[in-house]
Amino acid sequence: TGWKAKAMSRIEDEENAWDTSVRIGAQGRCEFQFARDADPQQAIYPARTRAAGADVPARGPDDLGAGKHFQVRGRPGDFASVKLTVVDGDVRVATECNGRVTEWCSQQGWARHEYVVKGTFQTKQRLSMQMVAGTPGLFSCTVAVGSRQFVDSDYCGDFFQICVDGDILQAYYPDAAPADVPGQVLVQPPDGVGSAEQFVIKAVEYGTEFDIFLDLNAEDRRKTVYWVPSAAPALAN
């Protein structure tokens, strides 16, 4: 479709289901996402870009889908069928090309997005945040700090942002520097653009562990992101 909007047809004998067809391009693939009422702020898309496998969950509809597209593969010039079903917030996307069927499904509730801490920490593991038991909307992750030694200071530390689905363009970040004291600066929500501004955790001893929190229910935007030494109580809003 050349990134042009293409209206889908409603499937009459199924609830909240639509379908269309797309043509496989010269490179053996076609990429697409959905936009409710042709509005990119209401997009349905995969959690990662160029998602060709069913292991990637579907996301949306929301405004966080810039640059993320489902992918169907086949012979150049072939046509693939595309089906979208949305029932009670449950999103299912299915494609079929030359007998190969792929389906992507959304996740419900607070699991509809993954929140990932990205920074200078000395770890190769994906720092995926987990929701705090008994506190819906509050996510946390434990990190060991100290990869950076600050000049003319006794402190070491690390820089970080929190990225929705690991996307640095959809990050929670401070609106000003320095952002080395929790609760002192406003936290900017994901905007599809990203920023070089980062939060800073400082410690006296290398390897000191901190718990980073993301509070999606915080009324005070300065408390959306904060951190405390591990085993310390979470901040109350």
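This is a short chat about a predicted model of one protein chain.

User: Hi! What should I know about the model before we start?
Analyst: The model is predicted, so local features need pLDDT of at least 70, side-chain atom pairs count only at pLDDT 80 or more, and totals for chains, interfaces and linings use all residues. Residues are numbered from 1 along each chain as its sequence is written, and side-chain values use heavy atoms, with hydrogens and water left out.

User: Great. How many helices and strands are in the protein chain?
Analyst: The protein chain has 0 helices and 21 strands. Those are DSSP runs numbered from the N terminus: H or I with at least four residues for helices, E with at least two for strands.

User: And how much of the chain is buried?
Analyst: Of its 237 residues, 41% count as buried. Buried means under 20% relative accessible area, exposed over 50%, and partly exposed in between, with a 1.4 Å probe and protein chains only.

User: Which strands form the open sheet?
Analyst: The order is β4-β5-β6, with antiparallel pairing. Two strands pair if DSSP finds at least two bridges between them. Strand β5 (residues 43–46) is joined to β6 by 3 bridges, and Pro46 has Ala58 in β6 as its bridge partner.

User: Why is one side of β4 and of β6 left without a neighbour in the sheet?
Analyst: Because β4 and β6 (58–62) stand at the edges, each with a single partner strand.

User: Switching topic: how many disulfides are there?
Analyst: A search of the whole structure finds 0, where a disulfide is a pair of cysteine sulfur atoms within 2.5 Å.

User: Last one: what lines the largest pocket?
Analyst: There are 27 lining residues, and Lys6, Met8, Gln33, Phe34 and Ala35 lie nearest the centre. A pocket is an open set of points on a 1 Å grid over the protein atoms alone, where a 1.4 Å probe fits, with protein on both sides within 12 Å along at least five of seven lines; lining residues have an atom within 4 Å of a point.

User: Which strands supply at least two residues each?
Analyst: For that lining, β2 (17–23), β3 (29–32), β4 (34–35) and β8 (79–87) each do.
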